[in-house]
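The exercises below are meant to be worked through with the sequence and the coordinates at hand. Please try each task before reading its solution.

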Amino acid sequence: MKSIILAGLIVSVVLAVFISQFASSSPDGLERVAEDRGFLEMSEGKNLLKSPLPDYTVPFIGNERVSGSAAGFIGVVLTFGIMCLAGYFLKQRENSR
Amino acid sequence: MHIPDGFLDVKTYSVLYGVSTVAVAWAVRRLNKSLDEKQVPLLGVVAAFIFAAQMLNFPVAGGTSGHFMGGVLAGALLGPASGILVMTTVLVVQCLVFQDGGLTALGANVFNIGVVCAAGGYFIFAVLKKFLGLLTAVFISGWVSVVLAASLCAVELAVSNTIPLKAAMLAMVSVHAIIGIGEALITVAVFGFISKVRPDILELKKG
């Protein structure tokens, strides 16, 4: 199992760090519908949270490309880590019954 | 399709939070009994891959982009409960860390993308696989999951009085019918790769 996990992580990092640089910056389906139908402003300023890496950028990194890649890398690692932690936590609760 | 804060009204996002909480609680209880500890890193890497793949917007019709969602990838590969947890983890990270998807809309996003795409996608896949080949079943479930989620999103927007239902359905379903093809193709590519390289992963017990 270990090799496929490692391969999957490497692919994920490559996608998030490098391939993401080529991603389309056009608004996605929902955003576009909101623009066209005039309700996009309903979301303006309504954010409840101040996220650390808003919109997949690292605020203190000046270079836009590097910022995006760094955010992608952090996201992949965080997601992997949190999912694994949650999974192990679930198993722990079962074992302690 | 991550709904930001401000599009849904309080009653709608509250109900969806309730539904998603019930669904996630169900998934947790089910996995408590059936999740093999050795599968945990697999869940981790599927979640990580889906996070990365969701960053890769591809152009669809004029000035609009789509992106992979990964619900059927998670659900058909891992089972409905694991699928829900994987998608929920991705969505929570996206919402809290990257401000992708509103906090009030998190319940709605978990419902549309986690419950409907992953768990719903799993059940559609399971039925189709009985009389279609693996990849055909994956393709159709992938496409259906996206169109279904988009339709529900349209209903949620309409119920919130953000946009009339007919306009919402027309707009959301038409663009996501195209995006769904991208979803289907990517999901098939991943399943195809796994079935060639590590077919044993497809045989793992699904939770």
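Predicted model: local features only at pLDDT ≥ 70, side-chain atom pairs only at ≥ 80, totals over all residues.

**Exercise 1. Carry out the corresponding analysis for chain B, asking what radius of gyration a compact globule with 207 residues would have.**

Step 1. Along its sequence chain B shows the pattern α-α-β-β-α-α-α-α-α, with 7 helices and 2 strands.

Step 2. For 207 residues a compact globule would have a radius of gyration near 17 Å, and the 16 Å of chain B agrees with this; the box filled by the C-alpha atoms of chain B, taken along the principal axes, is roughly 50 × 35 × 30 Å.

Step 3. Of the 207 residues of chain B, 63% count as buried, and among its contacts between residues at least 6 apart in sequence, 74% join residues at least 24 apart.

**Exercise 2. Describe the contact between the two chains from the side of chain A.**

Step 1. Chain A brings 52 residues to the contact and chain B brings 58 residues.

Step 2. On the side of chain A that touches chain B, at least two residues each come from α1 (2-17), α2 (29-36) and α3 (64-95) of chain A, and α3(A) gives the most, with 17 residues.

Step 3. By class, the residues on this side of chain A are 30 nonpolar, 13 polar and 9 charged.

**Exercise 3. Work out how helix α1 of chain B and helix α4 of chain B pack against each other.**

Step 1. Two packed helices are described by the angle between their axes and the distance between the axes. For helix α1 (residues 10-34) and helix α4 (residues 80-98) of chain B, the angle is about 125° and the axes are 8 Å apart.

Step 2. Angles of 65 to 115 degrees count as roughly perpendicular and those over 145 as roughly antiparallel, and α1(B) and α4(B) are therefore oblique to each other.

Step 3. The crossing of α1(B) past α4(B) is left-handed. On α1(B) the contact is made by B:Ala23, B:Val24, B:Ala27, B:Arg30 and B:Leu31, and on α4(B) by B:Ala81, B:Ser82, B:Ile84, B:Leu85 and B:Thr88.

Step 4. This contact has 7 nonpolar, 2 polar and 1 charged residues.

**Exercise 4. Decide whether A:Tyr56 is buried or exposed, do likewise for B:Asn161, and consider their backbones.**

Step 1. Most residues other than glycine have a negative phi. A:Tyr56, however, has a positive phi near 60°, and B:Asn161, also not a glycine, has a positive phi of about 60°.

Step 2. A:Tyr56 lies in the loop between α2 and α3 of chain A, and because 22 other C-beta atoms lie within 10 Å, A:Tyr56 is buried.

Step 3. B:Asn161 belongs to the loop between α6 (134-159) and α7 (165-197) of chain B, and with 11 other C-beta atoms within 10 Å, B:Asn161 is exposed.

Note on methods. Residues numbered from 1 in each chain as written. Chains lettered and ligands numbered in written order. Axes fitted to C-alpha atoms, helices over the stretch in contact; angles between N-to-C directions. Helix = DSSP H or I, 4+ residues; strand = E, 2+ residues; numbered from the N terminus. Parallel < 35°, antiparallel > 145°, perpendicular 65-115°, else oblique. Left-handed = near helix turned anticlockwise from the far one by under 90°. Contact = placed C-beta atoms within 7 Å. Nonpolar A, V, L, I, M, F, W, Y, C, P; charged D, E, K, R; others polar. Rg over C-alpha atoms; globule rule 2.2 N^0.38 Å. Buried ≥ 20, exposed ≤ 12 C-beta atoms within 10 Å, placed from the backbone.
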